[in-house]
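Subject: Structure for your review

Dear colleague,

Please find below the structure that I am handing over to you. My findings follow it, arranged by topic.

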Amino acid sequence: MTETKNSVRIATRKSALALWQAEFVKAQLEHFHPDLTVELVPMSTKGDKILDTPLAKIGGKGLFVKELEQAMLEGRADIAVHSMKDVPVDFPAGLELHTICEREDPRDAFVSNQYKHINELPAGAVVGTSSLRRQCQIREARPDLVIKDLRGNVNTRLAKLDAGEFDAIILAAAGLIRLEMAERIACFVAVEDSLPANGQGAVGIECRSDDARIQALLAPLEHAPTRARVLAERAMNRRLEGGCQVPIGAYAELQGEQLYLRGLVGAVDGSKILRAELTGDVADAQALGTQLAEALLSQGADSILAEVYRDA
Ligand SMILES: NCc1[nH]cc(CCC(=O)O)c1CC(=O)O
């Protein structure tokens, strides 16, 4: 399809979750703009191709977004739909994160075919996750469990659980809910027990900074409360210079006009987890995130993170 005034092309990864999110944005755009033609442009990213290496070791910010951004910069697509959790803090010149949609359940989910709760797992049980943030919080609570790396998209991870490679796995609840697999969730993990990653459960839309036509079309998809929460969480990560593969949790909730923000930085072995929280005016969301990061840094977060990056 050639570019017309009344079309939008969405660059998307090909995983089931990415396609769901792109279809969701397509449906929303068509709902608000009945005359609009919306087309998906699926593509593979480096992160999709390297499946055998723990994510923390590949490093490289934007492993899952670079190809999508290239497509927008070259005019092969107009927008890219991302899980906010996977979106790097900075954007290439000419692109911006323009829209943040309403958040799905931000919690982690405990998934197991035998056990209803992490506390039911016997000593030595094997738990699968590739997230350092989840690892450090599990290790702190249950040093007797064995944690094994678990990569792949949601379906691959569930298949590995079902094949008996793990006694339980931890996934983002949002992904399972979106893919209509909520029945696989044995229990939602309380945010007190597993503080979510910044942006978890929220979908963001990136577009060209100078594309006023697209930005006007995106306007009705914006969800201001989610934006405030996610911006606070991202500001915390930004100040800590944390990419998406770091043992950092950041979670903001709205309490009226107040934003309640919690953060943590953990040593991967669970030997030490720093926590901080604060409450402030929602209008100061980003400043609050930075302030929370400062509180964690003053507790020694920088030396913990330096260790993580050295080992990675
Ligand atoms: N890191 C991969 C990723 N990115 C977004 C989600 C889930 C959906 C979301 O958080 O919006 C997942 C899977 C997971 O962590 O289990």
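Strand β3 is covered on both of its faces: Ile79, Val81 and Ser83 are buried on one side, and Ala80 and His82 are buried on the other. In a regular strand, the side chains alternate between the two faces of the sheet. Please bear in mind that this is a predicted model. Since five of the five residues of β3 (residues 79-83) are buried, the strand is largely enclosed by the rest of the structure.

The partners of β3 come next. Strand β1 (residues 7-12) runs parallel to β3 and is joined to it by two bridges. Within this pairing, isoleucine 10 has isoleucine 79 of β3 as its bridge partner. Strand β10 (residues 203-208) runs antiparallel to β3, and five bridges join the two. Here isoleucine 79 stands opposite cysteine 207 of β10.

Helix α1 (residues 16-32) contains phenylalanine 24. The C-alpha atom of phenylalanine 24 is separated by 9.5 Å from that of valine 81, although the two residues are 57 residues apart along the chain. Is phenylalanine 24 buried, exposed or partly exposed? It counts as partly exposed, because it has 15 C-beta neighbours inside 10 Å, whereas a buried residue needs 20 or more and an exposed one has 12 or fewer.

I turn now to the domains. The chain is divided into domain 1 (7-102 + 202-222), domain 2 (108-188) and domain 3 (232-311). Taken over C-alpha atoms, the centres of domain 1 and domain 3 are 25 Å apart.

Apart from its neighbours within four places in sequence, alanine 232 is in contact with Ala252, Leu259, Leu261, Ala285, Gln286, Leu288 and Gly289. As general background, nonpolar side chains in soluble globular proteins tend to be buried together.

Which residues are found around the ligand? They are Ser83, Lys85, Asp86, Leu171, Ala172, Ala174, Gly175, Gln200 and Gly201. Strand β8 (168-172) and helix α7 (173-178) are the elements that give two or more residues to this shell. Domain 1 and domain 2 each supply at least three residues of the shell.

Two further places deserve a look. Helix α5 (residues 132-141) has eight of its 10 residues buried, so the helix is largely enclosed by the rest of the structure. The buried residues in α5 are Leu132, Arg133, Arg134, Gln135, Cys136, Gln137, Ile138 and Arg139.

Glutamate 180 is found in the loop between α7 and β9 (187-188). Although glutamate 180 is not a glycine, it has a positive phi of about 60°. Glutamate 180 is exposed, because 9 other C-beta atoms lie within 10 Å and the limit for an exposed residue is 12 or fewer.

Yours sincerely,
A colleague

Technical notes:
Residues are numbered from 1 along each chain as its sequence is written. This is a predicted model: local features need pLDDT of at least 70, side-chain atom pairs count only at pLDDT 80 or more; totals for chains, interfaces and linings use all residues. Two residues are in contact if their C-beta atoms, placed from the backbone, lie within 7 Å. A residue is near a molecule or strand if its C-beta atom, placed from the backbone, lies within 6 Å of it. Helices (H or I, at least four residues) and strands (E, at least two) are DSSP runs, numbered from the N terminus. Domain bounds come from an automatic or database domain assignment. Two strands pair if DSSP finds at least two bridges between them.
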